[in-house]
Amino acid sequence: MRAAFYDRQGSAKEVLSIGEVPDPQPGAGEVRVRVVVSGINPSDIKTRTGFGGKAMPFPRIVPHQDGAGVIDAVGPGVPPSRVGERVWVYMAQWGRVSGTAAELVVVPSAQAVRLSESVSFEIGASLGVPAMTAHRCLFADGDLCGKRVLVQGGAGAVGNAAILLAKWVGAWVAATVSREEQAEVARAAGADLVLNRHGEDVPQALRSATGGHGVDRIVDVDISANVDVAVASLARDGVVSAYSTESPGAKLTIPFFPALLGGFSFRFVYVYTMPETSMRQAAEEISACAASGAYDPRIAKTYALDEVAEAHELQESGKAVGKVLLRIQNP
């Protein structure tokens, strides 16, 4: 099969190659997916570049955690009826040599989730890490219907997913952005209030919009930089869920007495170590959201497999507004 791969860490154009690699075969409890579309995430970039000094886990890596396609083979213990099933895949390369930047990928059966016929492979490949992360951030602390949510970074892949999922269950959602192009993405996802974090007083605007109540949940892309905004914006017993940082050496200092008096909680979400039951619940509910037509993420650009280096560069640049995808092959 054809695949993208790298044998050392470095810049995209220096280390990413396209070539023939052996077809993978599914083992017990596994399925093989013929990949149609592969999704790129920041974590894929971090693994390739050695973010935070992290070494390569394998001598060669076929990158990308997310994708969508059709099951074409199953291993022992998996019903043969799954062959031919349209699926979306998550965490394909976690703990494995090969991810979805290839014509074929093998994953545990549970990580190939049925994709409704009404949902495109492009949307399927945009679920995975962003949607699973957003789901955990939003729902780990209970029901959201009628709650107020702030999404810090509403145009990013996780932020966009958080808006879509929160609106799907009936929450009121505010989102912060840095520029107008991002504001359009957040509004399109359904955000009730969009704020420019550089030009507006976010806590004051939120208090005004919520009748002084504040927000019950915050999904935060960089809590070490945003902690003061969080503390000033939360309602009583509010929860912040943080899933990322801009720096490997970032430190978090929480103002103790405001957090104490407000009864605030701080949750840290790393999708790859989510509890198994939470992963299954997230996959089921994300699939339902997508099947309902409510999950319509912004696609920044779709590249061909041979353009994988250019796709990585766009993802790494921080200029992509929406999901960066690779079209691997036709259905």
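These are my notebook entries on what I looked up in the predicted model of one protein chain.

**Entry 1: ground rules**

I am working with a predicted model, in which local features need pLDDT of at least 70 and side-chain atom pairs count only at pLDDT 80 or more, while totals for chains, interfaces and linings use all residues. Residues are numbered from 1 along each chain as its sequence is written, and side-chain values use heavy atoms, with hydrogens and water left out.

**Entry 2: the whole chain**

I began with the secondary structure, which comes to 11 helices and 15 strands; helices (H or I, at least four residues) and strands (E, at least two) are DSSP runs, numbered from the N terminus. The radius of gyration is 20 Å, close to the 20 Å that the globule rule gives for 331 residues, so the chain is as compact as a globular protein of that length. That radius is taken over C-alpha atoms, and the globule rule is 2.2 Å times the number of residues to the power 0.38. Along the principal axes, the C-alpha atoms fill a box of roughly 60 × 40 × 35 Å.

I then asked what share of the 331 residues is buried. Buried residues make up 52% of them, where buried means under 20% relative accessible area, exposed means over 50%, and partly exposed lies in between (1.4 Å probe, protein chains only). The chain exposes about 13600 Å², and carbon and sulfur atoms supply 51% of that area; accessible areas come from the Shrake-Rupley method with a 1.4 Å probe, and for residues only the protein chains shown count as cover. Among contacts between residues at least 6 apart in sequence, 71% join residues at least 24 apart, a contact meaning heavy atoms within 4.5 Å.

**Entry 3: helices α2 and α11**

Next I looked up how helix α2 (residues 42-49) packs with helix α11 (residues 308-317), and found an angle of about 105 degrees with the axes 10 Å apart. That makes α2 roughly perpendicular to α11. The axes are lines fitted to C-alpha atoms, for helices over the stretch in contact, and angles run from 0 to 180 degrees between N-to-C directions; those under 35 degrees count as roughly parallel, over 145 as roughly antiparallel, 65 to 115 as roughly perpendicular and the rest as oblique.

Which residues make the contact? From α2 they are P42, I45, R48 and T49, and from α11 they are H312, Q315 and E316. I noted that they divide into 2 nonpolar, 3 polar and 2 charged, with Ala, Val, Leu, Ile, Met, Phe, Trp, Tyr, Cys and Pro counted as nonpolar, Asp, Glu, Lys and Arg as charged, and the others, Gly among them, as polar.

R48, in α2, counts as buried at 0% relative accessibility. Leaving aside neighbours within four places in sequence, R48 is in contact with several residues, including Y6, S11 and V15, as well as H312 and E316. The C-alpha atoms of R48 and S11 are separated by 7.8 Å, although the two are 37 residues apart along the chain.

Q315, in α11, counts as buried at 17% relative accessibility. With neighbours within four places again left aside, Q315 is in contact with I40, N41, P42, I45 and V324.

Most residues other than glycine have a negative phi.

I299 is in strand β14 (residues 299-304) and counts as partly exposed at 28% relative accessibility. Not counting residues up to four places away in sequence, I299 touches E122, S126, K323 and L325.

A189 lies in helix α6 (residues 180-189) and is buried, with a relative accessible area of 10%. Not counting residues up to four places away, A189 touches N160, I163, L164 and K167.

T210, in the loop between α7 (202-209) and β11 (215-220), is buried at 8%, and its contacts beyond four places in sequence are with R148 and W172.
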